[in-house]
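Subject: Structure handover

Hello,

Here is the structure I said I would pass on. My notes on it follow below.

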Amino acid sequence: MTEKSRIISLYEKLYSGEPWIDVNLFDTLSNITAEQASKKIHNCNTIWEIVVHMIAWRENVLRRLQGEVITTPANNYFSAVTDTSDEDWEKTLRLLERSQQNWLSFLKDYDMKMINVQYPANQMTHHEHIQGILQHDCYHLGQIVLLLKLI
């Protein structure tokens, strides 16, 4: 198995397969209602806000790897969700799915010779960014699972 295929496998497993952590994004989120996703617990971000944040970071890093230099907004892609309808929750889940498809498409065409190229704004390599999204998704998936237990 090549390094590229290992990376793609990790993305696929975390999103909708059987990752080492025993939970994946698709199964976890598809069983959450809009009401649950928008429920505010103390001063924590809602599940919905976390998912929107994840999508934004997935897009940000993908654009970085495609050569764009991006300034992260002051809110770190966290903002209140104003439309908490079932339809808008489904739209958010479709955006996450589209992000996943964009990542898989990018990774399948990715030239592994670029893996050690540094992103100019933070000097992190492509490899660190690619693995960083997996770490970021796992971190927030854990938060989502805990928030769901508290709801």
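A residue counts as exposed when its relative accessible area is over 50%, and as buried when that area is under 20%. Aspartate 22, at 70% relative accessibility, is therefore exposed. Please keep in mind that this is a predicted model.

Loops and phi values

Aspartate 22 sits in the loop between H1 and H2. Its phi is near 75°, a positive value in a residue other than glycine. Most residues other than glycine have a negative phi. Glutamine 123, in the loop between H5 and H6, also has a positive phi, near 65°. With a relative accessible area of 44%, glutamine 123 is partly exposed.

H1 covers residues 3-16, which makes 14 residues. From its first C-alpha to its last it reaches 20 Å, close to the 20 Å expected at 1.5 Å a residue. The buried residues of H1 are Ile7, Ile8, Ser9, Tyr11, Leu14 and Tyr15. They pack against helices H2 (25-30), H4 (47-65), H5 (86-109) and H6 (126-150).

Two packed helices are described by the angle between their axes and the distance between the axes. For H1 and H5 the angle is about 170° and the axes are 10 Å apart. Angles over 145 degrees count as roughly antiparallel, so H1 and H5 are roughly antiparallel to each other. On the H1 side the contact is made by Lys4, Ile7, Ile8, Tyr11, Glu12 and Tyr15. On the H5 side it involves Leu93, Leu96, Glu97, Gln100, Trp103, Leu104, Leu107, Lys108 and Asp109. By type, the residues of this contact of H1 with H5 are 9 nonpolar, 1 polar and 5 charged.

Helix H5

The 24 residues of H5 should span 34 Å at 1.5 Å a residue, and its end C-alpha atoms are 35 Å apart, which agrees. Its buried residues are Trp89, Thr92, Leu93, Leu96, Ser99, Gln100, Trp103, Leu104, Phe106 and Leu107. H1, H2, H3, H4 and H6 are included in what covers them.

Two of these residues can be followed further. Leucine 107, in helix H5, counts as buried at 3% relative accessibility. Not counting residues up to four places away in sequence, leucine 107 touches Lys4, Ile7, Ile8, Tyr11 and Ile130. Leucine 107 and tyrosine 11 are 96 residues apart along the chain, while their C-alpha atoms are separated by 9.5 Å. Tryptophan 89, with residues up to four places away in sequence again left out, touches Leu29, Ile32, Thr33, Ala34, Ala37, Ile47, Trp48 and Val51.

At 1.5 Å a residue, the 19 residues of H4 should span 27 Å, and the end C-alpha atoms of H4 are 27 Å apart, which agrees. H4 is mostly covered, with 16 of its 19 residues buried. Glutamate 49 is found in this helix and is buried, with a relative accessible area of 9%. Leaving aside neighbours within four places in sequence, glutamate 49 is in contact with Lys40, Phe78, Ser79, Ala80 and Val81.

H4 packs with H6 at an angle of about 175°, and their axes are 10 Å apart. H4 and H6 are therefore roughly antiparallel to each other. The residues of H4 that make the contact include Ile47, Ile50, Val51, His53, Met54 and Trp57. Those of H6 include His126, His129, Ile130, Ile133, His136 and Asp137. The residues of the contact of H4 with H6 divide into 12 nonpolar, 6 polar and 3 charged.

The nonpolar core

The largest nonpolar core has 40 residues. Within this core, those with the most contacts are Tyr11, Leu29, Ile47, Trp89, Trp103 and Ile130. At least two residues of the core come from each of H1, H2, helix H3 (34-37), H4, H5 and H6. H4 supplies the largest share, 11 residues.

Regards

Key:
Residues numbered from 1 in each chain as written. Predicted model: local features only at pLDDT ≥ 70, side-chain atom pairs only at ≥ 80, totals over all residues. Heavy atoms only, no water. Helix = DSSP H or I, 4+ residues; strand = E, 2+ residues; numbered from the N terminus. Expected span 1.5 Å × (residues − 1). Buried < 20%, exposed > 50% of the residue type's maximum accessible area, 1.4 Å probe, protein only. Contact = heavy atoms within 4.5 Å. Axes fitted to C-alpha atoms, helices over the stretch in contact; angles between N-to-C directions. Parallel < 35°, antiparallel > 145°, perpendicular 65-115°, else oblique. Nonpolar A, V, L, I, M, F, W, Y, C, P; charged D, E, K, R; others polar. Core = buried A, V, L, I, M, F, W, Y, C linked by side-chain atoms within 4.5 Å.
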